[in-house]
Amino acid sequence: MNLGLFLLIKPFASVEEQLKATKEMGFTCADITDTNAGGSMLGTAGFSPTVSLDDNPYDIKRLFDKYGIKISTICAHANLLDPSKPSKFSTSEIMKAVRVAAAIGVKDVITTEGEPTTEWGHKLDFEQRTFIIAEKLCEPVKMAADYGVRILLENHGPITDTIDGLARVFGLLDDAPALGLNFDTGNTWLGGTDPVEVAKRFKDKIHHIHWKDLGEDWLPKRGKQFGAGFSTIALGDGIIDIKGVCEVLKDQNIENSTLEIIGEPQLLKKSVDYLKSCGI
């Protein structure tokens with residue numbers, strides 16, 4: 001399994017600066033972490049590691065190739081539980097990400113539902129939430145199949161952080177082969193679910209992993225917060241059963257994964273060494 005980085009290593013730095021740092025630390029793959037439709041003021045000025053979905057995909061690939069970094073996935077995290085509107089990152093942007101991925105040979109596009117931010121979104125019940133997620137993903141999943149790309153739901157919201165929620169969304173979309181799971185160890189635990197049980201239940205659908213461990217200071221937030229952007233500790237130093245997850249997934253032939261850890265390079269090295277000791 002390849003271990004790569006999430007390209008948010010340096011604050012207020014461009015994609016190229018993130019790639020330089022990735023190479024200096026000895027990693028050879030990374031996610032496209034942030035995407036935008038059209039132009040980004042901060043991205044253009046070099047203050048944000050964002051990639052435009054309207055750019056020439058081959059320019060993006062050439063930039064990664066310049067530093068010898070393989071693109072593991074394209075992250076297109078969406079807002080799927082609030083009403084659709086042009087300013088919300090949603091179905092159309094996910095479809096653009098599929099086209100970009102297909103053009104430059106990236107197999108997986110990662111998305112998720114996020115947390116609702118409107119009163120309307122908060123009032124939806126379980127059945128309504130799972131339906132609206134599936135409806136907004138229906139066309140992107142069909143397109144992904146035609147382009148030979150997969151859409152991977154990440155555990156990062158009130159539905160995808162649960163086993164029942166994931167199962168219902170997959171079922172509503174007929175367990176399409178072009179729809180899988182980007183398994184986030186930290187988010188799953190934080191949302192209130194046992195990561196080992198998620199790994200067991202969906203191991204055949206897991207095609208990419210975001211690795212992070214969380215410490216005891218996160219316990220008061222468990223079941224109340226959905227999604228933690230990063231961990232600030234090395235894998236194995238927290239209270240999540242990373243070793244148990246590795247036992248389930250180490251023989252699953254998952255090609256790529258990402259360390260979502262910020263801090264000094266030794267935290268990343270220690271995490272790599274820990275995963276190796278667990279058979280990854």
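Student: Is K212 buried or exposed?
Tutor: K212 is buried, at 0% relative accessibility. Buried means under 20% relative accessible area, exposed over 50%, and partly exposed in between, with a 1.4 Å probe and protein chains only. One caution: this is a predicted model, where local features need pLDDT of at least 70, side-chain atom pairs count only at pLDDT 80 or more, and totals for chains, interfaces and linings use all residues. Residues are numbered from 1 along each chain as its sequence is written, and side-chain values use heavy atoms, leaving out hydrogens and water.

Student: Which side chain does K212 meet in a salt bridge?
Tutor: That of D184, at 2.7 Å from N to O. A salt bridge is a side-chain nitrogen of Lys or Arg within 4 Å of a carboxyl oxygen of Asp or Glu. D184 lies in strand β8 and K212 in the loop between β9 and α10, so the pair ties together parts 28 residues apart in sequence. Helices (H or I, at least four residues) and strands (E, at least two) are DSSP runs, numbered from the N terminus. D184 is buried too, with a relative accessible area of 0%.

Student: OK, what does E197 pair with?
Tutor: E197 forms a salt bridge with K200, their closest N and O atoms being 3.7 Å apart. Both are in helix α9, 3 residues apart, which puts about one helical turn between them. E197 is partly exposed at 36%, and K200 is partly exposed at 48%.

Student: How many salt bridges does the structure hold?
Tutor: It holds 17 salt bridges.
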